[in-house]
Amino acid sequence: MTHQQKPIGSGFTPASTADEVLAGTDLTGRNVIVTGGHAGIGREVARALTARGARVTAGSRDPERAREAVAGIEGVGISRLDLADPVSVDAFAERWNGSGRPLHALINCAGVAAPEHREVDARGYEMQFAVNHLGHFQLTLALLPALRAAHGARVVNVTSGAHRFSTIRWDDPHFANGDYEPHLAYAQSKAANVLFAAELDRRWAVDGIRGYAAHPGVVVGTALNAAAGTEGLRAAGLIDEDGRPVIDPAVGKKTVRQGAATIVFGAASPLLADIGGVYLKDSDVAPLDDEPRPLTADSIPSDATSQSLDPGNSLRLWELSERLLAA
């Protein structure tokens, strides 16, 4: 609901960490799924949640590698999940639903970013849209029984300020017409994350399931940003001339612990008990800002836009996603 899209005065700052956001929160008995919960921001999210008592299952394409990555973090389990493979997504959900465990929070965190050349999955779907949005859409719908069983659940889609730079290409979401541009494809997938969260909340809030889109900031050192390469990171102002990360939370350049903060805020903060369908940043509800703002090394626009929360667009994306899965 766009009327809820305004800061609530959470008391946190862009520099707040996941541990600070969760301080005093008891998550004992809570079950959480974090896709990509073995690497980068996802691993920090899993660590912070388990530190407060939650049980976390991390979905990974490579369970053996994932187990090595989370060794030493008590309370994290691993289950195979390939978001580009519908069979793998269904199998993951069937294992979870078959266990009878309620699901208190689903954090759709895994993703791919801006391959230089267009890549598609086995269905011919553009890879960023397929993994970042469609795989998570399929997973979330498949886990609806477990979310309902929690009698109060949250779905957090990890998005990006890049959502501001694209709408959904309704007639050609897979860039089949030969005009593929990697960063535009990434921005489309991130816009889809926001629209999906808004429509999910509209449909499922009556069942006690609330939806959020969370922008973690730009975190140097994650696999997504490393894909930009040294020169790309330097041009974006994310590393200095000596290759050291530039950390400036006030403009969105964050550490992993700072980046994870907004995600766990969406997943567990009691401040959001009566709020849903919103876009989060800096561990608060983001303000709306529809002014066109360029992306530069010193300015990273990342506030919410009316377009990314538009009820008509969110409904249209949900219906498009259903048709793509059915096909």
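## Exercises on burial, pairing and backbone angles

A150 is buried, because its relative accessible area is 13% (buried means under 20% relative accessible area, exposed over 50% and partly exposed in between, with a 1.4 Å probe and protein chains only). The model is predicted, so that local features need pLDDT of at least 70 and side-chain atom pairs count only at pLDDT 80 or more, while totals for chains, interfaces and linings use all residues. Residues are numbered from 1 along each chain as its sequence is written, and side-chain values use heavy atoms, with hydrogens and water left out.

**Exercise 1. Locate A150 in the chain and find which residues beyond its sequence neighbours it is in contact with.**

Step 1: A150 belongs to the loop that joins α6 (144-149) to β5; helices (H or I, at least four residues) and strands (E, at least two) are DSSP runs numbered from the N terminus.
Step 2: Once neighbours within four places in sequence are set aside, A150 has contacts with P102, L103 and H104, where contact means heavy atoms within 4.5 Å.
Step 3: For H104, which is 46 residues away from A150 along the chain, the C-alpha separation is 5.4 Å.

**Exercise 2. Describe the order and pairing of the strands in the open sheet.**

Step 1: Reading across the open sheet of eight strands gives β3-β2-β1-β4-β5-β6-β9-β10, and the pairing is mixed.
Step 2: At the edges stand β3 (76-80) and β10, each of which pairs on one side only; two strands pair if DSSP finds at least two bridges between them.
Step 3: Strand β1 (residues 31-35) runs parallel to β2 with five bridges, and here I33 has T57 of β2 as its bridge partner.
Step 4: Strand β4 (residues 105-108) is likewise joined in parallel to β5, by four bridges, with I107 opposite V156 of β5.
Step 5: As for burial, β2 (residues 55-60) is mostly covered, since five of its six residues are buried.

**Exercise 3. Decide whether K254 is buried or exposed, and trace what its side chain reaches.**

Step 1: K254 sits in strand β8 (residues 253-254), and K254 counts as buried because its relative accessible area is 1%.
Step 2: The side chain of K254 makes a polar contact of 2.7 Å with the side chain of D282, a polar contact being a pair of N or O atoms within 3.5 Å; within protein, one atom must be able to donate a hydrogen and the other to accept it, and residues adjacent in sequence count only if both atoms are side-chain atoms.
Step 3: The side chain of K254 also reaches the backbone oxygen of P14, at 3.4 Å.
Step 4: Beyond four places in sequence, the residues in contact with K254 include P14, P216, G217, V218, I247 and D282.
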